[in-house]
Amino acid sequence: MKLIKNISILFLILATSIATAQVKFEAKVSKKKLGINERLRIDFEMNQDGDNFVPPSFSDFDVVGGPNTSVSHQYVNGKRSFKKTYSYFLAPKKRGNFTIKQATIEIEGDTYKTFPITVNVTAAVSKPNGKAAASDVAAENIHLVAEVSKSNPYLNEAITVVYKLYVSKHTGVNNWREKDIPRYNDFWSQNIEIKGFPVHVGEYKGEEYRYVILRKTVLYPQKIGALKLEPLVMDVTVEVPSERTDIFGRSLLTRVPRVVTAGSRTINVKALPEEGKPSDFKGAVGNYDFKVSTTKSQLNATESLQAKIEVSGKGNLKLFELPKLTVPSSLEVYEPEHQENIRTNITGMQGKISDTYTIVPQYKGKYPVPNISFSYFDLATESYKRITSDDIVIDVLEGPTAAVTNEEATTADTKQTVNTNTNTFAFIKTNSNWLSIESEPFFKSTGFWSLLLVPFLAIPLAIVVRRKKDARDADVQGNRIRKADRLAKKYLSEAKKAMGQKESFYLALEKALHNYLKAKLNIETSDFNKEKIESLLSERKVEKEVVSDFISILENCELARYTPIAQVTMQNDYDKAAKTISLIDKQLR
């Protein structure tokens, strides 16, 4: 009985050891003793695939590469073997004995851990690490970095993101390609054009590197709080010296493909202070000048003059509304013409914006135009500032006199002028509308002869119409233009109906642009992005300026979600969209 019990225990231990031997998860280091100037490679190997891999903290080391993942399958004598490895490259922070703690992974529902490994870091050695693999050299000698000019800006304050590719002097780069472009969802953004890619010399983590500036982007945050910048991801071919040499003894280069990323960045956007905020503040942030001017100060009634409201300087010029012009009711004022002369460089937007009103006086007199105030937040002093224009008086020299006195006219009375009716006796009829008692016969009447001759007169008219129709059908270019105009009106009909309602209008406008491209280019809406649209239109021989206008309209649709938009701006965007769709349809090949 005791023998049977011992055999059972033996079988149980054997089965447990076999089960345990089926799964292996262990840590291996390239060396357990290294100099402080050397690199340590640690591999976490498993013979079955697992999930939720958690590496140790590596608190005593800097991670200079990894994690790199490799998977291998082998068949030996008909038996399959599997190995998966997570590799890290570590640089010790100081000398001493350090323990790399356990890593964990889940395999088939069970959690497995590696054994801790102790490493001895000594003083610097003369030949660190010997020869490293080409992929390891590439990982350690090329870096993509996103440099942000300011990480805690105010709302609507310009910041700059510069993407730099650092390459050490021991390696080179053969080519690169953008794999994933960041989307700045909570920012107004504009890329700054880079002419060529000149090579600069600088430092990266205290070492001399060469670098190339790949992208420059100006951002204006449209929300407060922690906003994330998506990373830029690139495919790069790195040239690494190999052990082989040419006939002249020069080291041959090995090309290693590598994916590099700039990493995501967090921008903490501050709200503008509430203390001292003017009641008429429209969101202008920067440093501005403000003026109101007229083309004339004296004129006659029914003549016109222009009044211009202009803001110039540096700041978020495209992201706020100008103050409105108010005039006495006796002056007829038309909707303003909005103009922008703005350039965007690495420091942000600079230039001027203006609204020009056309004013037509109806009566003789003097009419004051009340002063206008413009408020903005000055980043230099971190305070609000107000600029007030001078009073303007419009002197109408000749013309009819209004039904009110001049003194009342100059007070900008809002009452409407009542014009007296000069036709005092309009109720007395001065002519008759008698009808004849006897009716004329239809035969041989004017109507009879007209109906008789109309068919004969219609024949040459039909011939003329037919010839014009044939000529119109033969006019291929003209038909293409007319078809393009009809197409633009068709897609933009919903946007036109929503004119004046900002959200509905720009949603309909953006949908119209997308539906147009979907119909013309046969691509799905989910595939839309500005770069792809630009590429597809350029391939179809659409002019660069027309493509640029189309992209700018899409950007205006995105911008309208975060900023107030005037009626005149909506009309300008609608007209520009109709013209651009028409031009694209004419130029598509």
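Phe320 touches Lys282, Gly283, Ala284, Tyr288, Val311, Ile353 and Phe374, leaving out residues up to four places away in sequence. Contact here means heavy atoms within 4.5 Å.

## Basis of the model

Residues are numbered from 1 along each chain as its sequence is written, and side-chain values use heavy atoms, with hydrogens and water left out. The model is predicted: local features need pLDDT of at least 70 and side-chain atom pairs count only at pLDDT 80 or more, while totals for chains, interfaces and linings use all residues.

Helices (H or I, at least four residues) and strands (E, at least two) are DSSP runs, numbered from the N terminus. Buried means under 20% relative accessible area, exposed over 50%, and partly exposed in between (1.4 Å probe, protein chains only).

## Asn156 in its loop

Asn156 lies in the loop between β11 (142–148) and β12 (159–168). Asn156 counts as buried because its relative accessibility is 10%. Its side chain makes a polar contact of 3.0 Å with that of Gln222. Such a contact is a pair of N or O atoms within 3.5 Å; within protein, one must be able to donate a hydrogen and the other to accept it, and residues adjacent in sequence count only if both atoms are side-chain atoms.

Phe505 is buried, at 0% relative accessibility. Beyond residues up to four places away in sequence, Phe505 touches Ala495, Ala498, Met499, Met570 and Tyr574. Glu510 is buried at 13% relative accessibility; Glu510 and Leu554 are 44 residues apart in sequence, with C-alpha atoms 6.5 Å apart.

In helix α8 (residues 530–539), Ile533, Leu536 and Leu537 are buried. Seen down the axis of α8, the buried residues fall within an arc of 95°, so they line one face of the helix. The arc is that of the directions from the helix axis to the C-beta atoms. These buried residues pack against α7, α9 (544–559) and α10 (567–587).
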